[in-house]
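Open the model in your viewer and keep the sequence panel beside it. We will go stop by stop, with something to select at each one.

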Amino acid sequence: MGEKIIPLADHRYAAAVPAVPSRLTAPTGLLADRLGRPLHDLRISVTDRCNFRCSYCMPKEVFDKNYAFLPHASLLSFEEITRLARLFVAHGVEKLRLTGGEPLLRKNLETLIGMLAALRTPDGRALDLTLTTNGSLLARKAAALKAAGLQRVTVSLDALDDTIFRRMNDVDFPVAEVLEGIDEARRVGLGPIKVNMVVKRGTNDHEIVPMARFFREQFDGQVVLRFIEYMDVGATNGWRMDEVLPSAEVVQRLQAAFPLEPLEPNAVGETAQRWRYADGAGEVGVISSVTQAFCRDCNRARLSTEGKLFLCLFAERGHDLRALLRGGWDDAQIATAIADIWQGRGDRYSELRGQQAAESGSGQRRVEMHYIGG
């Protein structure tokens, strides 16, 4: 009668309960993995649900009305998220990004943002607190998000053409409402705003130049547009290499319309290659995780909605931190377990894929994008 029942949805991806070393070590703010990569960014998924059904992330034929999303009791509470975030910050994390699914679907998200905004690094600095959204709810929520302490937003937008955009989100959502959200985010000061476009050859690649022209002219260089190669995340999106448009070709198309000049990265571990318009009208970026792997500088950890820690966007297995939170372990013990996990990290999926050696033969599914965020 006293047995704990764990919903089947919790077992969708393998995750071991981390061992807690008997010898506890206090965080120093400097934590490196086996390849010398520091822990700097933590991406926190607050929901596995989304109101879009983009084919590259949550195809409707898989994520239909019968799909078993996580029950609310499985989700980390805001207090649990904040507790873990505090421990990661002690290990050197300086940037938190809230993701989903669609994070703005999480009820009372502003409360969590306020809790995270109050955290400080060991030397007293505020964290870089940002959020990635599909923009569908942004117009009505931007002011409250800013007031709660959110600093920046990144908006996913795959086309300006309304017919193409509706087809790609597969729920007939109009592009005009996303653009309203971007404009409202700019108005309330959630910037600099980034807009991410996932490029699929033959689907929306003809929108590259129109997107660049629109954000140059309509937003006066205040929005940074980034083009992302279509990635083989998870197992449901039907990924094919012939639908990947290499970023080098994206840059060529942009150069033909607007002369570009390369920029240095803003920070070590930045995923985007940056380019500025030669006429000074802002910048664009390309994220080339398929054709130009950036594993060697990857400093990001990912926390799933129900508290599994993943060390790579393309991971097969996670580490169940929720079991420690709800199992009575104290902060020092959980912090030591986190350090042990990161110090053992050797993930470099994209580099291995490039060497045609990514398949391990384990037969396990890679984690889906909607479950862990981008």
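Select Asp170, which sits in the loop between α4 (162-169) and α5. Helices and strands here are DSSP runs, numbered from the N terminus: helices are H or I with at least four residues, strands are E with at least two. Asp170 has a positive phi of about 60 degrees, although it is not a glycine. Is Asp170 buried or exposed, or partly exposed? Asp170 counts as partly exposed, at 30% relative accessibility. Buried means under 20% relative accessible area, exposed means over 50%, and partly exposed lies in between (1.4 Å probe, protein chains only).

Now select Asp172. Asp172 is also in the loop between α4 and α5. Its phi is positive too, about 65 degrees, and Asp172 is not a glycine.

## Zoom out: the whole model

This is a predicted model, in which local features need pLDDT of at least 70, side-chain atom pairs count only at pLDDT 80 or more, and totals for chains, interfaces and linings use all residues. Residues are numbered from 1 along each chain as its sequence is written, and side-chain values use heavy atoms, with hydrogens and water left out.

Colour by pLDDT, the predictor's confidence in each residue, from 0 to 100. The mean for the protein is 88, and 87% of its residues reach 70 or more. Then select residues 357-363. There pLDDT stays under 50. For this stretch the model has 7 contacts beyond four places in sequence. A contact means heavy atoms within 4.5 Å.

Switch to the cartoon view. The protein has 11 helices and 13 strands. Of its 374 residues, 53% count as buried. Take the contacts between residues at least 6 apart in sequence: 74% of them join residues at least 24 apart.

## Two cis peptide bonds

Select Gly100 and Gly101. The peptide bond from Gly100 to Gly101 is cis, with omega near 10 degrees. Gly101 is in the loop between β3 (95-99) and α2 (109-117).

Next, select Gly191 and Pro192. This peptide bond is cis as well, with omega near 5 degrees. Pro192 is in the loop between α5 (175-188) and β6 (193-199).

Thr99 is buried, at 3% relative accessibility. Show its contacts, skipping residues up to four places away in sequence. Thr99 touches Ile44, Ser45, Val46, Thr47, Thr132, Ile372 and Gly373.

Move on to Glu102, in the loop between β3 and α2. Glu102 counts as buried, at 1% relative accessibility. Beyond four places in sequence, its contacts include Thr47, Arg49, Cys50 and Asn134. Glu102 and Tyr371 are 269 residues apart in sequence, but 10.0 Å apart in space, C-alpha to C-alpha.

Select Met211, in helix α6. Met211 is buried, with 0% relative accessibility. Leaving out residues up to four places away in sequence, Met211 touches Leu157, Ala159, Leu160, Val195, Met197 and Leu225. From Met211 to Leu157 is 54 residues in sequence and 9.4 Å in space, C-alpha to C-alpha.

How many cavities of 30 Å³ or more does the structure hold? The structure holds 1. On a 1 Å grid over the protein atoms alone, a cavity is a set of points where a 1.4 Å probe fits but cannot get out; lining residues have an atom within 4 Å of a point. The largest cavity has a volume of about 50 Å³. A volume is the space filled by probe spheres set on the points, which are joined across faces, edges and corners.

Select the lining: Met211, Ala212, Phe215, Arg216, Gly221, Val223, Leu225, Tyr277, Ala281, Gly282, Glu283 and Val284. The elements giving two or more residues are α6 (208-218), β7 (223-229) and β10 (283-287). α6 gives the most, with 4 residues.

## Last stop: two cysteines

A disulfide is a pair of cysteine sulfur atoms within 2.5 Å, and the count comes to 0 disulfides. Cys298 is buried, at 10% relative accessible area, and Cys312 is buried at 12%.

Note on methods
1 Å grid on protein atoms, 1.4 Å probe; cavity = no way out; pocket = protein on both sides within 12 Å on 5 of 7 lines; lining within 4 Å.
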